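Hi everyone, thanks for making time this morning. I'd like to walk you through a model, chain by chain, and then look at how the chains meet.

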Amino acid sequence: MEFQSCVKIINEWDIVAARQLGRNVAKELGFGTVDQARITTAISELARNIYLYAGQGRVCIEKLYENGKSGLLIIASDEGPGIPDVRKVMEDGFSTSGGLGAGLPGVKRLMDEFDLDTNVGKGTEIRATKWLR
Amino acid sequence: MESRENLEEKYREALSNYLKEQTEQALYQGQKYSRKTIEHKISPEEIISFHKSTLMDTYEDLPDEVLHSLDFLLEVMMGYGIAYREHQNLKHLQQELKSEIEIAANVQHTLLGTHIPKVKDLEIGAISVPARHMNGDYYHFVQDENQCVGVAIADVIGKGIPAALCMSMIKYAMDSLPDHRHFPKSVLESLNRVVERNVDPSMFITMFYGLFDPETHIFSYASAGHEPGFYYDAEKKEFTDLTARGLLLGVEKKTQYEQYEKYVAPGDMIVLMSDGVTECRTSEGFIERNTLIEFIEKNMHLSAQEMVNNIYKQLEKMQHFQLRDDFTLIILKRNV
Amino acid sequence: MNIMIDVKDIDSKATVKVKGEIDAYTAPKLRETLFPLSEQQNVHMVVDLSEVSYMDSTGLGVFVGLFKSVRSHNGEFRLVGLSERLRRLFDITGLADIIDINSNAEGGVK
């Protein structure tokens with residue numbers, strides 16, 4: 001683990017701070033503007049979910065170096081209500097209806113890797129990675 | 001498949017051409033280009049990035065504001081990009097669903113298939129067309145060892161897949177009826193018990209069941225809330241409603257059905273239908289039963305099968321080829 | 001959705017007025033709104049259909065379901081203000097023999 005920094009998500013302004021952090025790291029790693037925008041959009045969606053449905057949580061950004069590749073990992077975690085039906089929130093079309101987990105299929109598509117752990121009543125952790133091509 | 005770099009190069013070319021000379025031809029290239037990028041699943045934010053890098057390479061002294069504005073535009077387009085990708089995936093899912101339903105419709109077609117029997121002195125025509133893929137209407141013919149022919153026509157309240165599933169159950173209930181002669185009254189009474197027990201409480205079935213005896217030429221029938229058919233008296237040249245009282249299948253456990261009888265003279269006709277026939281809506285309102293009678297009269301010189309085919313075609317045309325409900329029409333005609 | 005449902009529910013006397021079209025698209029809303037009412041003990045439920053411009057067999061299904069639910073809770077169920085076409089629908093299906101469709105909206109019997 002080379003480098004990790006986090007932003008606490010409590011109010012809507014923290015979403016901006018998380019985006020800024022993500023963009024800075026993405027720039028440092030050498031991501032182009034389109035990928036920068038994809039990473040920040042993914043961070044926005046994840047942070048917004050925390051702000052709207054979990055109350056509070058945090059977004060951490062980590063630089064990854066693996067087999068000569070570098071990448072950016074987003075970890076969004078909260079101790080909110082959790083997601084009862086993960087399959088459903090990962091379905092397209094569900095996101096438009098709003099509600100817990102909205103926008104997750106979008107995040108999954110924007111990033112290269114996506115992993116979700118959730119426990120009802122305990123919270124959710126989402127890890128999403130983008131590799132530099 | 002063309003590579004992304006290649007497509008970026010193409011964009012650069014097309015845009016440069018247009019910047020040199022603002023012709024319709026150059027714009028047309030742009031439109032053609034978008035067809036290609038959609039095909040290659042290029043998202044809107046990528047196009048903006050192509051645009052920005054083209055501008056940067058073409059003009060050295062571009063104001064920073066222009067470049068910043070493109071970054072802003074790119075951010076705004078992200079949401080559209082996500083929506084676009086979601087749309088692509090949903091389109092794909094819809095295709096899958098559609099082909100699944102088509103297969104289900106084929107299975108249903110095979111399950112519910114029935115043969116129009118050859119009966120002495122009687123000509124039979126039948127047509128059934130679903131409003132969507134799956135048919136909630138059903139008709140069935142059976143012939144017993146005495147050459148008596150039974151005809152069932154049924155309509156599930158509701159349409160589409162749930163109705164079709166329900167129909168398959170009716171078909172099996174009918175197949176498992178005892179083998180002796182099918183009296184209309186007892187057929188309906190036993191089916192009513194099956195439906196009452198097994199179907200969702202807000203789902204109901206209307207059914208008409210008739211039995212024609214080619215020896216006595218008597219048609220006996222009973223109805224469970226089904227749209228009344230017509231009887232054509234050839235001697236009087238007159239249509240009357242083939243009324244039969246009876247409650248829908250599946251409402252009350254112990255419903256008793258009344259059985260009616262009619263002597264069928266040469267040239268007489270029995271017309272049976274689903275409510276999709278009379279619920280056909282045209283721009284002028286519902287099709288009245290009289291209109292239907294006119295259609296039948298117009299086609300009376302034809303064979304029974306040609307009659308039902310023609311009447312369907314005419315009703316379809318009146319509704320501008322959009323069926324609102326499943327459509328079934330059966331004509332039984334005693335040969336002269 | 002082209003339907004409006006007005007409900008007055010006082011002391012298990014539910015008076016309902018439906019306006020618009022009842023078809024496969026609006027029937028679920030009708031069912032969701034009226035089913036909870038039908039599940040009260042000894043409920044008296046009156047549904048006024050005088051401003052229903054169209055109803056297909058899906059609507060019929062809703063009313064039969066309501067009727068059965070009300071009956072199983074020892075209640076009374078009436079439909080009022082039926083147009084000629086609706087009346088015919090209830091006649092053909094035999095439902096007119098089990099569901100009261102002949103009272104006045106005010107409660108007296110014609």
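**A walk through the chains**

Let's start with chain A, which reads β-α-α-β-β-α-α-β-β along its sequence. That makes 4 helices and 5 strands, where helices (H or I, at least four residues) and strands (E, at least two) are DSSP runs, numbered from the N terminus.

A word on the source before I go on: this is a predicted model, where local features need pLDDT of at least 70 and side-chain atom pairs count only at pLDDT 80 or more, while totals for chains, interfaces and linings use all residues. Residues are numbered from 1 along each chain as its sequence is written, and chains are lettered from A and ligands numbered from 1 in the order in which they are written.

Back to chain A. Its radius of gyration is 14 Å, which agrees with the value near 14 Å for a compact globule of 133 residues. That radius is taken over C-alpha atoms, and the globule rule is 2.2 Å times the number of residues to the power 0.38. The C-alpha trace of chain A spans about 40 × 30 × 25 Å along its principal axes. Of its 133 residues, 38% are buried, meaning that 20 or more other C-beta atoms lie within 10 Å of the residue's own; exposed means 12 or fewer, partly exposed is in between, and C-beta atoms are placed from the backbone.

Now chain B, with 9 helices and 12 strands. Its radius of gyration is 31 Å, well over the 20 Å that the rule gives for 336 residues, so chain B is more spread out than a compact globule. Its C-alpha atoms fill a box of roughly 100 × 45 × 35 Å along the principal axes. Buried residues make up 34% of chain B.

Is Ser34(B) buried or exposed? It counts as exposed, because it has 12 C-beta neighbours inside 10 Å.

Finally, the chains together. Which chains share the most contacts? Of the 2 pairs of chains in contact, it is B and C, a contact being two residues whose C-beta atoms, placed from the backbone, lie within 7 Å. Here 18 residues of chain B touch 16 residues of chain C. The chain B side has 8 nonpolar, 5 polar and 5 charged residues. For those classes, Ala, Val, Leu, Ile, Met, Phe, Trp, Tyr, Cys and Pro count as nonpolar, Asp, Glu, Lys and Arg as charged, and the others, Gly among them, as polar. No contact joins chains A and C, and their closest C-alpha atoms lie 18 Å apart.
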